[in-house]
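Thanks for making time this morning. Please bring up the model on your screens, and I will talk through two places in it.

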Amino acid sequence: MKTYRSTGVVTRALLAELRDGFTLSWHGIHGVQHWGRVRTNALMLADATGANAKVAELFAIFHGSCRLNDGYDPAHGQRGAEKALALHGRYFDACSWELELLVEACIGHSDGGLDADITV
């Protein structure tokens, strides 16, 4: 099985900051293990499609970082995007277009849209 290399954008400090604000079980259905599975799939897809791996890796940790529950939570992507904007420049760096793609991906990830940049 091929291993997909991290971009290095997800640091211990960033994960610690997200964990401190995470209201669900860290080891629950939408916790760190879920983020890890999303990260693996995101890096695999970025490698196969030419999508931006840095954005994909950031999406993996931000998309569900602000969930309020493990069930129906339609605004969790929006909150994750807002968290990414708040932490940008302090816990990770991304250029303006990468940040725009990350926000778009987080906000719309539950909507099933297929008409966007390949990274999204």
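I will begin with the aromatic rings and then turn to one alanine.

A word on provenance: this is a predicted model, in which local features need pLDDT of at least 70 and side-chain atom pairs count only at pLDDT 80 or more, while totals for chains, interfaces and linings use all residues. Residues are numbered from 1 along each chain as its sequence is written, and side-chain values use heavy atoms, with hydrogens and water left out.

The structure holds four aromatic pairs, where rings of Phe, Tyr and Trp (its six-membered ring) pair if their centres lie within 6.5 Å, and planes under 30 degrees apart count as stacked, over 60 as edge-to-face and the rest as tilted. One of these joins Phe22 and Trp26 edge-to-face, at 5.9 Å centre to centre with 80° between the planes. Trp26 also pairs edge-to-face with Trp35, at 5.2 Å and 85°, and Phe22, Trp26 and Trp35 form one aromatic cluster.

How accessible is Trp26? Its relative accessibility is 14%, so Trp26 counts as buried, given that buried means under 20% relative accessible area, exposed over 50% and partly exposed in between (1.4 Å probe, protein chains only). Trp35 is buried as well, at 2%, and so is Phe22.

Now to Ala56, which lies in helix 3, residues 53-62; helices (H or I, at least four residues) and strands (E, at least two) are DSSP runs, numbered from the N terminus. Ala56 is buried, with a relative accessible area of 9%, and, leaving aside residues up to four places away in sequence, Ala56 touches Ala42 and Ala46, contact meaning heavy atoms within 4.5 Å.
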